[in-house]
Amino acid sequence: MFAEDLHAEDKLLLLLALDCLNMPITGIYINELLLQPGYMNYFNIQTALGELIESGCIDRIPDSDGIPMYAINHKGRETFREFAHLLPDGLATKYEDYIMRNKEQVKKMLEVDASVFTIGKDDYYVRCFVRDKSTYVVDLKIPAAGREDANEICKAWKENSSDIFADILKALHPKQK
């Protein structure tokens, strides 16, 4: 499968990352995680991801909102173990160390995040969410006065989501403390 494959290293690095993470991850965070060490580029990641899904090594699992998340499966782990020797030691170590150092941050970003989106030319909104595995337990879409305001809302949510959510619950359930 990998012996004469031009994208073997890319696929193996992707399998390594998903194996180290050991949790479903969105495509956005796969890109962020694999682009940082500097060896892979966006197109290599997308090609490797598509080919690994097609070959049955990675599962594509929609979350409760239909956003695809990706996870290594048993076949992917077996394939990685069989062909891991094709990765140069320094490269594998570089990625594995980076992924393990950032695993908790990735997990937190998957659980609590916010993003800006637009409807029309100047209508800015922010989507703030808390996700438990693949299910959204909080999912708020908030209008913003502009891009700067939207970015501030994102920042506030990421830094204080627990307090903000507690305040929302207090406002909705005024009799409960």
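Which residues are buried in α5? In this predicted model, where local features need pLDDT of at least 70, side-chain atom pairs count only at pLDDT 80 or more and totals for chains, interfaces and linings use all residues, the buried residues of helix α5 are L91, A92, Y95, Y98, I99, N102, V106 and L110. Residues are numbered from 1 along each chain as its sequence is written, and side-chain values use heavy atoms, with hydrogens and water left out. Buried here means under 20% relative accessible area, whereas exposed means over 50% and partly exposed lies in between, with a 1.4 Å probe and protein chains only. Helices (H or I, at least four residues) and strands (E, at least two) are DSSP runs numbered from the N terminus.

The buried residues of α5 are covered by elements that include α1, β1 (25–26), α2, β3, β4 and β5, contact being defined as heavy atoms within 4.5 Å. At 1.5 Å a residue, the 23 residues of α5 should span 33 Å, and the 32 Å between its end C-alpha atoms agrees with this; the expected span is 1.5 Å times one less than the number of residues.

Strands β4, β5 and β6 form, in the order β4-β5-β6, an open sheet with antiparallel pairing, in which two strands pair if DSSP finds at least two bridges between them. The edge strands, each pairing on one side only, are β4 (112–119) and β6 (135–144). Eight bridges join β4 to β5 (residues 123–132); V112 has V130 as its bridge partner in β5, and T118 stands opposite Y124. These two strands form a hairpin with three residues between them, and G120 in the turn has a positive phi of about 80°.

The largest nonpolar core has 35 residues, and those with the most contacts inside it are L14, I25, I30, L34, I58 and Y95; such a core is a set of buried Ala, Val, Leu, Ile, Met, Phe, Trp, Tyr and Cys residues joined through side-chain atoms within 4.5 Å. At least two residues of this core come from each of α1 (8–21), α2 (27–35), α3 (42–54), β3 (68–72), α4 (74–83) and α5, and the largest share, nine residues, is supplied by α1. Not counting residues up to four places away in sequence, I25 touches L18, I30, M69, Y70, V106 and L110. A second, separate core of 10 residues includes A114, V126, C128 and A144.
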